[in-house]
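These are my notebook entries on one protein chain. I list what I looked up, in the order I looked it up.

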Amino acid sequence: MKILNKFEQSGRSMVEMLGVLAIIGVLSVGGISGYSKAMAKYKLTKAQDQLSMLLINIRTAFASSPNYAGLANNTAIQLNIVPADMLPSGLGVANGNIVNAFSGAVTIQAVNGNTQHFSITFAGLGTETCTSLASSDWGTEGLVSMQVNGTNYAQNQLPINAITAVGVCNVANAGNSIIWTYY
């Protein structure tokens, strides 16, 4: 057993403690950055899955119908077309509110003047999300057109390239919207 006199000290120095705190700070910043990127990727994948699920559910629900007349948010909710994770709790369901993975509004409806077609709108998208969704290859199975912030793209123009998508997805503060029209 070592006996300490009044001039000897035991423990860590201030410099050592500051070094440890600096290392912890650097690792924390890196972890937060990685977490943010992972969450953005997760939400993008979830939004793509939501769109695919809506498409499949609408086609299944209306398989025996001659057209999509009457299709709207409230109808989709009543027919259990909308996945549960897209329905906000509370009064939103009663009002026909549907939200995407980024908490933006979703609109499902038969196309005015042509009930042989229906559209799904995702609003409230950030620039990066809009660019990714707009430049994704959604296939040609039933896709008639896509509209990004008012710019229309016919089926033969899809998928649009990333440069074009960046150009049309330039609305700041999650103000971008995409409308997919299917038959």
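Entry 1, the chain end. I began with Tyr 183, which is found in the segment after β5. Strands here are DSSP runs of E of at least two residues, helices are runs of H or I of at least four residues, and both are numbered from the N terminus. The model is predicted, so local features need pLDDT of at least 70 and side-chain atom pairs count only at pLDDT 80 or more, while totals for chains, interfaces and linings use all residues. Residues are numbered from 1 along each chain as its sequence is written, and side-chain values use heavy atoms, with hydrogens and water left out.

Buried means under 20% relative accessible area, exposed means over 50%, and partly exposed is in between, with a 1.4 Å probe and protein chains only. Not counting residues up to four places away in sequence, Tyr 183 touches Arg 59, Tyr 68, Gln 116, His 117, Phe 118, Gly 142 and Val 144. Contact means heavy atoms within 4.5 Å. I also noted that Tyr 183 and Ser 136 are 47 residues apart in sequence and 19 Å apart in space, C-alpha to C-alpha.

I noted five helices and five strands, in the order α-α-α-β-β-α-β-β-α-β along the sequence. The radius of gyration is 25 Å, well over the 16 Å that the globule rule gives for 183 residues, so the protein is more spread out than a compact globule. That radius is taken over C-alpha atoms, and the rule is 2.2 Å times the number of residues to the power 0.38. The C-alpha trace spans about 95 × 40 × 25 Å along its principal axes. Of the 183 residues, 31% count as buried.

Which residues have the most contacts inside the largest nonpolar core? They are Phe 122 and Trp 180, in a core of 39 residues. Such a core is a set of buried Ala, Val, Leu, Ile, Met, Phe, Trp, Tyr and Cys residues joined through side-chain atoms within 4.5 Å. α1 gives the most to this core, with six residues. Leaving aside neighbours within four places in sequence, Phe 122 is in contact with residues including Ala 47, Leu 51, Met 86, Ile 178 and Trp 180.

The buried residues of α4 are Thr 129, Cys 130, Thr 131, Leu 133 and Ala 134. Their cover includes α1, β2, β3, α5 and β5.
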